[in-house]
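Please look at the sequence and the structure below; the paragraphs that follow go through the packing of strands and helices.

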Amino acid sequence: MQGYILGTTRVREEDLLVRILTQTHLHTLYRFYGARHSVVHLGHKIDFSIEHDMREIGKLREPLHLAFVWEKDTQRRYFWQQYLNLLNAHLRDISHLDSFYFEHLEEGAKRLEIENPKRAMLNLYAKLLRFEGRGNTLQTCLICEQPLQNEIVLGRGLVSGHKSCMQGAVFNQAHIALWLSLQGEFLEEAEVDNLWNLLMQGI
């Protein structure tokens with residue numbers, strides 16, 4: 001089967017617990033260290049098998065790295081790994097999941113071939129928010145509950161408010177509405193940077 005490595009945790013010196021997202025599951029598998037074993041890293045897409053025994057946790061066997069050309073680019077790899085790390089935390093208590101999440105990462109890997117990496121990951125995030133029903137209408141202020149105008153402040157989880165009610169980076173309301181409608185090309189560079197900083201607080 002195939003999947004994306006969302007996280008690794010070192011145990012017993014060199015052994016690892018590996019979290020792998022596949023089409024229908026998030027597996028936590030044990031990976032023994034050995035000289036002949038291929039290296040597993042956060043963000044890698046791998047083909048692998050699972051060895052089950054009497055213990056509860058399965059063993060990761062025969063992982064084969066299915067590399068993307070863009071992985072040679074340090075910057076693209078960095079933003080990809082940051083996003084997958086956030087997704088891992090977001091899905092921390094889940095083992096069975098919708099195929100959307102695997103397809104989501106498949107799309108992200110393709111986007112990274114041609115798009116600016118930071119914009120590509122933000123566009124993925126907008127799509128994730130829409131799928132999970134967490135989009136913001138950007139109509140009213142979280143604090144005073146009055147209508148929002150052209151300039152808004154966004155907080156973690158995309159809560160929105162007036163500049164006078166909330167602290168934080170200021171965004172153009174229309175640009176954010178377009179981004180949430182999967183039209184991220186309208187974001188200005190400063191908005192991309194500020195949205196990325198917001199995303200780093202957690203999905």
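**Helices and sheet**

Helix H2 (residues 100-114) lies across S1, S2 and S4, running at about 95° to S1, where helices (H or I, at least four residues) and strands (E, at least two) are DSSP runs numbered from the N terminus, and where angles run from 0 to 180 degrees between N-to-C directions of axes fitted to C-alpha atoms, for helices over the stretch in contact. The model is a predicted one, in which local features need pLDDT of at least 70 and side-chain atom pairs count only at pLDDT 80 or more, while totals for chains, interfaces and linings use all residues. Residues are numbered from 1 along each chain as its sequence is written, and side-chain values use heavy atoms, with hydrogens and water left out.

The strands form a closed barrel of 5 in the order S1-S2-S3-S5-S4, with mixed pairing, two strands being paired if DSSP finds at least two bridges between them. Neighbouring strands of this sheet are turned by 45° against each other on average, direction ignored. Strand S4 (residues 45-51) runs antiparallel to strand S5 (residues 58-65), to which 5 bridges join it, and Glu-51 stands opposite Lys-59 in S5. H1 packs on the sheet as well, touching strand S1 (2-11) and strand S2 (15-21), and its direction makes about 80° with that of S1; contact here means heavy atoms within 4.5 Å.

The axes of helix H1 (residues 74-90) and helix H3 (residues 117-131) come within 9 Å and cross at roughly 25°. H1 and H3 are therefore roughly parallel to each other, a label for angles under 35 degrees. Their contact includes Phe-79 and Trp-80 of H1 and Met-121 and Leu-124 of H3.

Methods
Parallel < 35°, antiparallel > 145°, perpendicular 65-115°, else oblique.
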